[in-house]
Amino acid sequence: MYDAVLSNTPDFVYVFDLNHRFTFANEVLLRMWGKTSDEAIGKTCLELGYEPWHAAMHDREIEQVVATRQPVKGEVLFTGTFGRRIYEYIFVPVLGERGDVEAVAGTTRDVTDRRQAEEQVRHSERLHRAIAELSTDYAFDGTIGLDGTVRIERVTEGFAKFYGLTLDEMNAQGGWGSVIHADDHPVVGRTIERLLAGQIDRGEVRGLRRDGSVKWQAYLTVPVRDGASGRTVSLYGAATDVTAQRQLTEQLRGQAESLAAILAATVDNIYLLDKEGRYRYVSLGGARVLGLEPGQMTGRRWQELGLSADIMERFDAQRKWAIETGEPQRHEVAFTDRAGGKHHFEYTIAPVRGEDGGFEAVVVVSRDDTERKRAEEALREASTTLRSFYDTAPVMMGGWRSAARTCCT
């Protein structure tokens, strides 16, 4: 089935070995090359007819992926059996069991039609495209110089509402940079770099209003390139007020940090499992009692973690019952850790409702009560011994009295 998917996707899918040779190429890529698998596999880009600069570029990108273990994206013109087309590609590392890069995999997509469509409509849809891609409070366009200097020439009415001043007033006080928070100037600088490179860019920055207040805005900018030189000469874009969203995000982040601190400080072991039995959250203590770390458990089922089937199969049934019935449960279990230590736990399974009102997960809170169990067992043994003593005491006392009378006589 996997082979059928790769053979019928319109995207090129391939794998390089560490010597930059193709070890796999799907059917559509072979057709674009005009070669059979036997003719292509084991060859480098240069050996397959790529222009030297093109082959050298991919060689550098493969080495970069191997060295950094990070993806590399790009766009390039290539002439194959499908004609001269524009291709967008990404190379990603294939990691072995020890984390070493064993190969580099890639996918490539033909974006020629999309690029041509963008070129055809770039002038007539400047503001409309920005508004369509981002629900905006205001839109703008302007020029961009060779040195990256941006001058905003037109804005919509929402600009004055957002900043509390007009475009002329902004330009009079120093231009675009005067209404952007100083700490966010590097963000704008990176956007200008991408525009000069012909790339669309998104970001979030703080705007400085006339009254001194600060508001967050999310923006989209699109470069316009000169047809003859290919240089970015202007830009258009749109922005929307996201102050409320940012405040809510900060509030939620603070709550999440507080909750994380509370969970880290609790002596209880806490787990969150979804309907499929995957661990979605595991407290540090909850993982370490199993000889694991939280990151090793998150996203996995117990079967993938080498946990005892004798215990976990029974727990799985309890988890499913809680989701089906919506009723919490309390249970006990004896557990031997990986070091051979014996423990006794009490745990509660409570169902969690989803957005649709049904139960979609369970929270499990367990506590190691081994010492309490041992104390109870010791008390039980002491009580048994004491009871035995009291039961035999009258007989023993009678024997002592008889022996005393005989001795005295």
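Rings of Phe, Tyr and Trp (its six-membered ring) form a pair if their centres lie within 6.5 Å; planes under 30 degrees apart count as stacked, over 60 as edge-to-face and the rest as tilted. The model is predicted, with local features needing pLDDT of at least 70, side-chain atom pairs counting only at pLDDT 80 or more, and totals for chains, interfaces and linings using all residues. Side-chain values use heavy atoms, without hydrogens and water, and residues are numbered from 1 along each chain as its sequence is written.

**View A. Tyr14 and Phe22 pair edge-to-face.** The whole structure holds 18 aromatic pairs. In this one, the planes of Tyr14 and Phe22 meet at 70 degrees and the ring centres are 6.1 Å apart, so the pair is edge-to-face. Tyr14 is buried at 5% relative accessible area (buried is under 20%, exposed over 50%, partly exposed in between; 1.4 Å probe, protein chains only). Phe22 is buried too, at 2%.

**View B. Tyr138 and Phe162 form a tilted pair.** Their ring centres lie 5.9 Å apart, with planes at 50 degrees. Tyr138 belongs to strand β6 (residues 138–144) and Phe162 to helix α7 (residues 158–163), so the pair ties together parts 24 residues apart in sequence. Helices (H or I, at least four residues) and strands (E, at least two) are DSSP runs, numbered from the N terminus. Tyr138 is buried at 1% relative accessibility. Phe162 is buried at 3%.

**View C. Six aromatic residues make one cluster.** The members are Tyr14, Phe16, Phe22, Trp33, Tyr89 and Phe91.

**View D. Arg246 sits over Trp216.** The charged end of Arg246 is 3.6 Å from the ring centre of Trp216. A charge sits over a ring if NZ of Lys or CZ of Arg is within 6 Å of the ring centre and within 35 degrees of the ring normal.
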